[in-house]
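Dear colleague,

Please find below the structure that I am handing over to you. My notes on its salt bridges follow.

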Amino acid sequence: MDSMIDNRFYEGFEGEAELSFVATDNKLIIWNGYFEAILDHLLDCNVEKKGMVKEYFHHEGWYDDSPWLIKDKSLTIDQLRCFDISKINQTSIKEILEEVVQSIVLFLENNYLSTIYINYE
């Protein structure tokens, strides 16, 4: 299978912090601002503070230890599915956030059998 790099959620933010989900040759690259908005929202939704939400909540994980291994993909997918677009106030990025979340979930599902890392640059 050909490697796939999806960077449409980073276009226009070149030079700013980027975050990639990496599985073998596949990559989903997103602007870190989107990712932080998603995680901030997940903290507000009272998802369990485990996995990437815990790492973000405590500001650990990929900020210090990039690349960071997603140990529990099911948990990560379930957490992202708690994302509720109707509760987002940042209207300027509201629609794109939903698309980013769906893309991350799809990436995790499509690469479920691979080792997946979050890479922060």
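Does Asp6 count as buried or exposed? Asp6 is buried, with a relative accessibility of 14%; buried means under 20% relative accessible area, exposed over 50%, and partly exposed in between (1.4 Å probe, protein chains only).

Please note that this is a predicted model, in which local features need pLDDT of at least 70 and side-chain atom pairs count only at pLDDT 80 or more, while totals for chains, interfaces and linings use all residues. Residues are numbered from 1 along each chain as its sequence is written, and side-chain values use heavy atoms, with hydrogens and water left out.

A salt bridge is taken as a side-chain nitrogen of Lys or Arg within 4 Å of a carboxyl oxygen of Asp or Glu. The count under this rule is three salt bridges.

Asp6 pairs with Arg8, with 3.0 Å between the closest N and O atoms. Arg8 is partly exposed at 39%. Arg8 also forms a salt bridge with Glu99 (3.4 Å, N to O). This pair links distant parts of the chain, 91 residues apart: Arg8 is in strand 1 (residues 5–9) and Glu99 in helix 4 (residues 91–110). Helices (H or I, at least four residues) and strands (E, at least two) are DSSP runs, numbered from the N terminus. Glu99 is partly exposed at 36%.

Glu109 and Arg81 form a further salt bridge (2.3 Å, N to O). Because Glu109 lies in helix 4 and Arg81 in helix 3 (residues 73–81), the pair ties together parts 28 residues apart in sequence. Glu109 is partly exposed at 35%, and Arg81 is exposed at 54%. Through shared partners, salt bridges join Asp6, Arg8 and Glu99 into one network.

Kind regards
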